[in-house]
Amino acid sequence: PDIAEIVPEAVELVPKRVLPPLEKGGEPIIYHNVPVVNENMLFMMSIGATQELIKRSNNINASLSQHFAELSNVIGEVAKFEYILSQSTNEESELKMKSSIAQAEV
């Protein structure tokens, strides 16, 4: 893609540009409507874009950490219920599970 299409504010159109001749004593080379890229502007935009990507990455990491913590709690509760079930008779396990559920809700 053309840089002028993506970042038009970083490209300036110079109406006429004269370059020295290729050979000594030759005609100078003249270009009309030459696009000139402002490299400083592109550099500053890339810094801003990089900072935005870092910010978004940090937000995603924080969100993932929170989800992993919640998942860890759920896995712990499931393991606790499985242990209760494995150590009890049917009636006892039902009472212990109800008690554990009531404690987890508090």
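R56 counts as exposed, at 52% relative accessibility (exposed means over 50% relative accessible area, buried under 20%, and partly exposed in between, with a 1.4 Å probe and protein chains only). Keep in mind that this is a predicted model, where local features need pLDDT of at least 70, side-chain atom pairs count only at pLDDT 80 or more, and totals for chains, interfaces and linings use all residues. Residues are numbered from 1 along each chain as its sequence is written, and side-chain values use heavy atoms, leaving out hydrogens and water.

**The salt bridge**
- R56 forms a salt bridge with E52, and their closest N and O atoms are 3.0 Å apart (a salt bridge needs a side-chain nitrogen of Lys or Arg within 4 Å of a carboxyl oxygen of Asp or Glu).
- By that rule, the count comes to one salt bridge.
- Both E52 and R56 sit in helix α2, four residues apart, or about one turn of the helix.
- An α-helix has 3.6 residues a turn, so residues three or four places apart point the same way.
- E52 is partly exposed, with a relative accessible area of 33%.

**Helix α2 from end to end**
- Helix α2 covers residues 39-87, and its 49 residues should span 72 Å at 1.5 Å a residue; the end C-alpha atoms are 71 Å apart, which agrees (the expected span is 1.5 Å times one less than the number of residues).

**A nonpolar patch**
- I60, L64, F68, L71, V74, I75 and V78 make a nonpolar surface patch of about 670 Å².
- L71, found in helix α2, is partly exposed, with a relative accessible area of 45%.

**The whole chain**
- The protein chain has three helices and two strands (DSSP runs, with helices being H or I of at least four residues and strands E of at least two, numbered from the N terminus).
- Along the sequence, the pattern reads α-β-β-α-α.
- In strand β2 (residues 29-37) you'll find N33, which has a positive phi of about 50° although it is not a glycine.
- The C-alpha atoms fill a box of roughly 105 × 25 × 15 Å along the principal axes.
- Of the 106 residues, 8% count as buried.

Methods. Patch = residues over 30% accessible without salt bridge, like charges linked within 9 Å, V, L, I, M, F, W, Y side chains within 5 Å. Areas by Shrake-Rupley, 256 points an atom, 1.4 Å probe, with all protein chains shown as cover.
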